[in-house]
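Work through the following exercises with the sequence and the model in view.

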2 protein chains.
Amino acid sequence: MALRARALYDFVSENPGEISVVENEMLTLYSEDVVDGWLEGTNSRGESGLFPASYVEILSSEEGFSLQGNGTAGNVYSPRTGSDHVCQVRGDTSSESTPQSHGYPTSQGSDDDWDDDWDDNPTTTTATTSHDPRVHQHKHQPSRANSVSSRGSAGHQARSSATVGKNLNRFSTFVKSGGEAFVLGEASGLVRDCDQICVVMSQFGPEWQENPHPFTCTIDDPTKQTKFKGMKSYMSYGLLPSHTQNPVNRRYKHFDWLYARLVERFPVISVPHLPEKQATGRFEEDFICKRRKGLIWWMNHMTSHPVLSRCDVFQHFLTCSSSDEKTWKQGKRKAEKDHLVGANFFLTIVPPTAPLDLQEVESKVDGFKTFTKKMDENIVQVNVTIGEFSRKQMTGFKKEYQKVGQAFRLLGQAFELDQQAYSVDLNQAMAFTGATYETIGDYFAEQPRQDLEPVSDLLAIYQGHLANFPDIIHVQKGALTKAKESQKDKDMQATHDIHERCNIISCATLAEIQHFHRTRVRDFKAQMQHYLLQQISFFQRITAKLEEALHMYDQA
Amino acid sequence: MALRARALYDFVSENPGEISVVENEMLTLYSEDVVDGWLEGTNSRGESGLFPASYVEILSSEEGFSLQGNGTAGNVYSPRTGSDHVCQVRGDTSSESTPQSHGYPTSQGSDDDWDDDWDDNPTTTTATTSHDPRVHQHKHQPSRANSVSSRGSAGHQARSSATVGKNLNRFSTFVKSGGEAFVLGEASGLVRDCDQICVVMSQFGPEWQENPHPFTCTIDDPTKQTKFKGMKSYMSYGLLPSHTQNPVNRRYKHFDWLYARLVERFPVISVPHLPEKQATGRFEEDFICKRRKGLIWWMNHMTSHPVLSRCDVFQHFLTCSSSDEKTWKQGKRKAEKDHLVGANFFLTIVPPTAPLDLQEVESKVDGFKTFTKKMDENIVQVNVTIGEFSRKQMTGFKKEYQKVGQAFRLLGQAFELDQQAYSVDLNQAMAFTGATYETIGDYFAEQPRQDLEPVSDLLAIYQGHLANFPDIIHVQKGALTKAKESQKDKDMQATHDIHERCNIISCATLAEIQHFHRTRVRDFKAQMQHYLLQQISFFQRITAKLEEALHMYDQA
């Protein structure tokens, strides 16, 4: 029996060698082998050629029709398709191998009793496919056709370039991230419309296209949960995404798992670091509070990132019902098998029409490198200062004000030995003043939690970003080097392709840099305002307390 | 030629043995010897007997009339008379001997180039007498007649008491202050109306009769003066008493001289201590400022004391023109020859009609002793705390706030490397916030001068008072012991007299204690209010600065 496939969506051929297919058209395949995301076969009109593997579903020998997948509802903005097994992409190794975190701290299961309650019992749902009709509606966006075509040709010409060699250092971030593979045209895979990530040109340079449906997500105080009849306990965070209004519960290990997926998926996007783990005292109030605040910052950076906020795995994390274990596992497995990770991530990027001036890009990236270095250094110093200042307020300042309070009390106590009528009011006022200064001491001790700690939390998430950028910059630098090397290539097409791919990486890098700056300005403005407002309120409370004390002397 | 005297004022005899005299009446004296303040002679009506020595002036053999003295103007409230040589009082030894400072720190001429420009060239003005007509007007106040009579009798019966012996310890304050001599009836001298110090009974117990003409005196910033063609320089303080509105200039040595006179003059009055001397760096700004503030406090305590404010020597100090050297020296010599010092001081006290319950007095004085001990101890601790707190604010707090300011600046500086249009306002706001915290640091450093230093100055003057009181209490205790001893005396009159004199000392002591408490309540109330107002203003200034900084983010 001939190997057959059914077209899932319309595909219009744009290059020689491709054939067009129409939704539901039955195709005969030459082979099941997917080469750089393409299958070869014949359509119902007798035309033979290449068509995207992800646009069709291969029918098993027994099947006369495809199984309609049981796509889960609730994911509106980043639709998922169950196309795992139709998208077998040659060269996409990382989706099957151990996730590469290329230097990012991922720590799946190290402390957070990463039990296997949702890792075991593989279901057979992976054999079925589900598809989201929205993919169909979007597929003929003009930009998409370009990107698919350029990628196709890139794939075909990868090995034609002789001048631009491979990096010998297989541990280089450029290599590990897939940046090199992509630049050299070795990445290839089918990108659905919904997977496309557009970079647009703004007055400030390339920027990620904004999320048209922005949302936020709150994180509640975690609650302690137990399982195995109370033998094991863990903290569960209540999440409420604004776009679904469906609360879900997630454990830290879920965040951790998500983080690992994102890092693997997006080589030139700065995935916000999760708050630090702490092996002992996991349930101590302070730690829980600190982690929650860290997660809130993390979530804030996730939801405000135009790319991260929309990606499938994050949406799965946010929207999959906590009680629907089956759907959860399905989404989990799908994410872990995602083929658009590493090098293939770059395939998803749709750059602005006009290519960037690579010299200008280099200068901008160098400038940003200097910026991050300086910001990182200064944050270290600021953190030391803030930490020291917090400590001083909580100990030294508090003590000093309390000692002054005790001094006034002492004077008042001596005065109380004189119980003349005209002395009594003064004595009381003195005692009150003493108590006032003791209270002011407490105010000082409590204040850092209100103002310096949030600043410190902010700095922590930015330290994470700053730690991410050297690798991101390294990928862009690597691409730029390849582009420069390719100048010598006699093969003009190869040089052109490498430049084009370098442009894609540069666009993505600059868009990420721009996003970083925008977020930074937003966050630091808000945080400084918050800090100053807290400080003002603090000093006003002190003033009010002192006025109260002063008032006591009116009768004295 | 018979020894003659002229009556300066009317005197009405009230006891057997006394004779009345009328102003300007010529008297024949039996002898020039003054016994316990009394002279013996015959009046123009042929009556023979005793009359107060200070009410007459002895005429030299050559004189047919007294020389009218050149009394200085301007001393309204505490009139001076030039009666030095007509008031030779038996047993009044201290007025001629070296001034006894009984433990008070007097340091006449030790550091303050106590040159003799107004000590040399003794003029002959001491031979002349001057009298103030107001003395005349006041002399028949009812209380005075009592006191003179009782003192007269006390003087006469001094040696009739056998039971109550003298203290063997001649260094005891009780002895040195003249308290013992007074209680034993050995003090005797003539007290003019204007020298009388009335103790009245208030709801709170014995109190000094208020100064009916209260006044204040400002002290200007000292100016540097030179003499000997610039060879010597000294600081001169401009004083402006409110009751004369005549500015006078005084040097520290003048204050010091005055202080010594007052200590000698008033055994149971707590003469405020002068601010500390400083041998080196006399002209350093800080020291000058500190001494001036100390002198202001001192002056404030002087003018608000009902007895000290009215006494001759203080009035002389306040009112004698700085340029009228002759009058100054006259007043100076007179003060140094004052016979109403030490034991005789007690002669000037007019107690309330009803004698005090000595047991109650003892309990009150004991209570006060406990009070002063506690207050003294606590002030020491408060001073340590305040000093430490000042130091902390001037160094640690300032440094902390400046470091925070620098931290914000640092962040701002890193941000400045990103000169995107949307970043510039934030960068400026950050820099401004940094500057704001540096300013707040300065505020902290400057603040103690505004609020803690005045408290410290106040505590210093009270430490002086608290150092005075043990001696004062010792005098009263001594008197009480004598009164107790006298119970065994068979001589009822002697016992009665000792009790009466102990009552006088007790009244004076309690009046001084009461005055201390009233002043203390007044001063500490005012100072605490000042402190709190300064603190409120301080925190308000910080708040305003922070609001300014916050406002910078409106455009960011």
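The exercises below treat the interface, the symmetry and selected side-chain pairs.

The model is predicted: local features need pLDDT of at least 70, side-chain atom pairs count only at pLDDT 80 or more, and totals for chains, interfaces and linings use all residues. Residues are numbered from 1 along each chain as its sequence is written, chains are lettered from A and ligands numbered from 1 in the order in which they are written, and side-chain values use heavy atoms, with hydrogens and water left out.

**Exercise 1.** Describe the contact between chain B and chain A.

Solution. 
- Step 1: Contact means heavy atoms within 4.5 Å. By this rule chain A contributes 61 residues and chain B contributes 61 residues.
- Step 2: Buried area is the accessible area (1.4 Å probe) that two parts lose on being put together, summed over both. Here about 6,100 Å² is buried, and carbon and sulfur atoms give 76% of that area.
- Step 3: A salt bridge requires a side-chain nitrogen of Lys or Arg within 4 Å of a carboxyl oxygen of Asp or Glu. The interface of chain B and chain A has 4 salt bridges. A salt bridge joins A:Glu400 to B:Lys392, with the closest N and O atoms 2.6 Å apart.
- Step 4: Helices are DSSP runs (H or I, at least four residues), numbered from the N terminus. On the side of chain B that touches chain A, helices H9 (358–416), H10 (421–450) and H12 (492–552) each supply at least two residues. The largest share, 23 residues, comes from H9(B).

**Exercise 2.** Determine which rotation superposes chain B on chain A.

Solution. 
- Step 1: Copies are superposed by least squares on the C-alpha atoms of residues with pLDDT of at least 70 in both.
- Step 2: In chain B, the C-alpha of B:Phe539 is nearest the axis, at 3.0 Å.
- Step 3: Both copies use the same surface, since 100% of the contact residues of chain B recur in chain A.

**Exercise 3.** How are the rings of A:Tyr401 and A:Phe444 arranged?

Solution. 
- Step 1: Rings of Phe, Tyr and Trp (its six-membered ring) pair if their centres lie within 6.5 Å; planes under 30 degrees apart count as stacked, over 60 as edge-to-face and the rest as tilted. The structure holds 68 aromatic pairs over all chains.
- Step 2: The centres of A:Tyr401 and A:Phe444 are 4.7 Å apart and the planes lie at 15 degrees, so this pair is stacked.
- Step 3: A:Tyr401 belongs to helix H9 of chain A and A:Phe444 to helix H10 of chain A, 43 residues apart.
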